[in-house]
Structure formats: C-alpha cells, structure tokens
Amino acid sequence: MKSVTTLGILLSLAITVYSQQDVELTFTLNPTKVLVNTRPSLRCTVVNKPTDKKVRIMRLREDGTKYLIATDNRNSGDETFYEVKEEGVGTYVVTFKSINRFDEGTYLCEVQQSVGDSAVTKSVYVRVLQPPIFTHVDSKVSVKQNSDTQLTCTATGYPTPVVTWQREDANILPGGSIQRVSSVLTISNAQPEYRGMYACTASNLASSITRKAEVEVIFSPVVKPLIKERRQMIGYQITFKCQIEADPIVKEENIIWTFSDRNDVGGFEVNHPVTFLERNTIEATSKMVIKRVSKSDFGYYTCTATNNEGFGLTQFLLEESDTPQPDLTGVIAGSTTKVVSVAVLVLCLLVGQQMRT
C-alpha cells in the first residue's frame, strides 16, 4: 500500500513538472507601427495554461509598479480606454480604443505556472508615433537682387520631424548642395537664378509630408541676343531678336532699339519695325526687322530694356555679305516681294553647276 501511495506522489510530481515545462507564452503588438489615435492590439497567447491560473495583461509604470488591464478575458482596467476579449482557446486580446502619446510604454503578459513557482512573463514596448504636422511654412517670399532673405518651415510630430529643403527642379540650393537639413533656408545675395519653387519636407518614423514655397527675385533686366553677329547682302531682309528676363516684367514701351556706326551704346533710335512678345511673367522677346538692308544699315544695334530696378542691354553687329543670307526663319527675303527658301536656292545652284559641266 505504501509503494502505491509513493508511486502516486511521484506520478503527480512528474505531471506537475511536465506541465510547468509545457507552459508557453507569446505576446505581440499588432500593428507593430503604432500611430496616434489608432486602435492597436496586444495579443497574448498561452499554451498549456494551468486551469487554476489566470492570464494577466498589465502596464509597467515608470516607478516599476504594475497597472492591471485585463485578467483572462475580463477588463480589469478602464473600459473607456481598452477592449478585452478572448479569441479561441488561450488567446487574450487587449485593444486600445484610441491610443495616444500617454499610452506609450512597456506592457506585460503574465501567467503563474503553479503555486510557489515564478510566473512566465513576456513584455512588449509600445511606441506611439505622431505623423508630422506643419505649424508654419512660408508660401512665398520676395527679395531684391543681391539682398538676403529666408524661408521658414516648422513642424510638430513624434519623434520630432526632420525638416529638409530642396528645389523642386532638383537644381542646387543657394549656397550649394542639393538638400539642406534645417527649418530655415537662408538665401544670401539673391540672384535671378534663385527664383522658383522650393519644397520643404518634414519626416519622422510615422510618415513624411511636403509643402511648396516660392522665391521671387526682383531684378533689373537681363538682355541676351539670339544671334549676336549677323551678315546680309544689300537689298535683303535681316531680323534681330533680343530675349529679356526681368522682374517686374519689361513692357513694350520700355524697350528701345538704337543704331550707331561705331561700337558704342549711343546712337539714335531706329525707324525699323519692332514687335514685342511677352512669354510669361518674367520673360519677353523684342524683334526688329530691316526689310531691305541698305549701305547705311551696317553697324551696331543696341536693344535696351528698363524696369523699376534698372536697365539691361545687348548689342548686335550687322556686316555686309556678298551673298544673300537666310533670315531667322530659315528663308531668304529679297529686295522684291518674293521669298526664296534656302533649299530652292541650293537646288538652283546645283542645277546651274551641272549645266555648265
């Protein structure tokens, strides 16, 4: 009888030890990337849980104490913050109704193995991310040429967003580099090429957002010749074009063409036809046409443009040619009303050469 009793005790101990060894616990967070004001879940799954033991889900406070949220499938915390349920056998789920930054911290899932034995515990750290939100972005700044200005872009979020600047057209930023990490982009000694759209991006582990800002540079006209030196035969047409960039834009009445037989910017205003084309808010083109070149037309022509910031100019040279030259349109306009294309002229020359041979 004694041996049977001893056998029963040993068998009971063996079952207890086996049961302790078989207790398994997993504790996960879903989703792993938690954004503020969302509904993430803590999922605790216990395999071979002792029938007389409870699963406890808790939050570990900063002082080391534990705040009980759930016991098995019952809510032991504040029902306004958590939903507790059991999914299947041995899986207990705590769902945050609307998680916020104050919910960040360490959470525990714990189950006691048996009387007097230590508990099996798993922990999960919940990091609550707040996507970036812009608090201020300069939408547009205006600066005069050679002056200084800055673009400001600030944002909040958790972790603190990293703010970067770059140009929308991917050109180099004023001062160098393609990208700059700063909430303030300083533009020193502003030049016309600095104008355009800039992009401010605020990024953290949650997401990235971008806002555009415009830089307007106010500058005196920059005048460029389409073709600086031209040659033409007497009696044929020649056209000059000057391309103008300025802010504020140059108006038609602020463009003057002058002529001089010497290489200077003086002379008198021309009587030849002048046309004006405004291409956009800062660009314009002025065109002057000499219908039939005469001996007195050879010399220097100056295109001068003016706005409130000052003036700019460019100079052209017209010299005599022994043969008719094509105009900017690619055709040769003669002293008559007929227009002869370059292709036809070349063809005629080739035919004439063949006949002579």
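## Salt bridges and strand pairing: worked exercises

Glu 104 forms a salt bridge with Arg 101, their closest N and O atoms lying 2.8 Å apart. This is a predicted model: local features need pLDDT of at least 70, side-chain atom pairs count only at pLDDT 80 or more, and totals for chains, interfaces and linings use all residues. Residues are numbered from 1 along each chain as its sequence is written, and side-chain values use heavy atoms, with hydrogens and water left out.

**Exercise 1.** State the salt-bridge rule, then give the count of salt bridges.

*Solution.* Start with the rule: a side-chain nitrogen of Lys or Arg lies within 4 Å of a carboxyl oxygen of Asp or Glu. Side chains of opposite charge can pair when their charged atoms come close. By this rule there are 16 salt bridges.

**Exercise 2.** Decide whether Glu 104 is buried or exposed, then classify Arg 101.

*Solution.* Set the cut-offs: buried means under 20% relative accessible area, exposed over 50%, partly exposed in between (1.4 Å probe, protein chains only). Glu 104 has a relative accessible area of 15%, so Glu 104 is buried. Arg 101 is at 29%, so Arg 101 counts as partly exposed.

**Exercise 3.** Locate the partners in the salt bridge of Arg 56 and Glu 110, and classify Arg 56 and Glu 110.

*Solution.* First, the distance: the two side chains of Arg 56 and Glu 110 meet at 2.5 Å, N to O. Arg 56 sits in strand E4 (residues 55-60) and Glu 110 in strand E9 (residues 105-112); the pair links distant parts of the chain, 54 residues apart. Strands (E, at least two residues) are DSSP runs, numbered from the N terminus. Arg 56 is partly exposed because its relative accessibility is 33%. Glu 110, at 8%, is buried.

**Exercise 4.** Give the strand order of the open four-stranded sheet, then name its edge strands.

*Solution.* The order is E2-E11-E13-E16, with mixed pairing. E2 and strand E16 (184-187) are the edges, each pairing on one side only. Two strands pair if DSSP finds at least two bridges between them.

**Exercise 5.** In which sense do strands E11 and E13 pair, and which residue of E13 is the bridge partner of Ile 133?

*Solution.* Strand E11 (residues 128-137) and strand E13 (residues 149-158) pair in the antiparallel sense, over five bridges. The bridge partner of Ile 133 in E13 is Thr 156.
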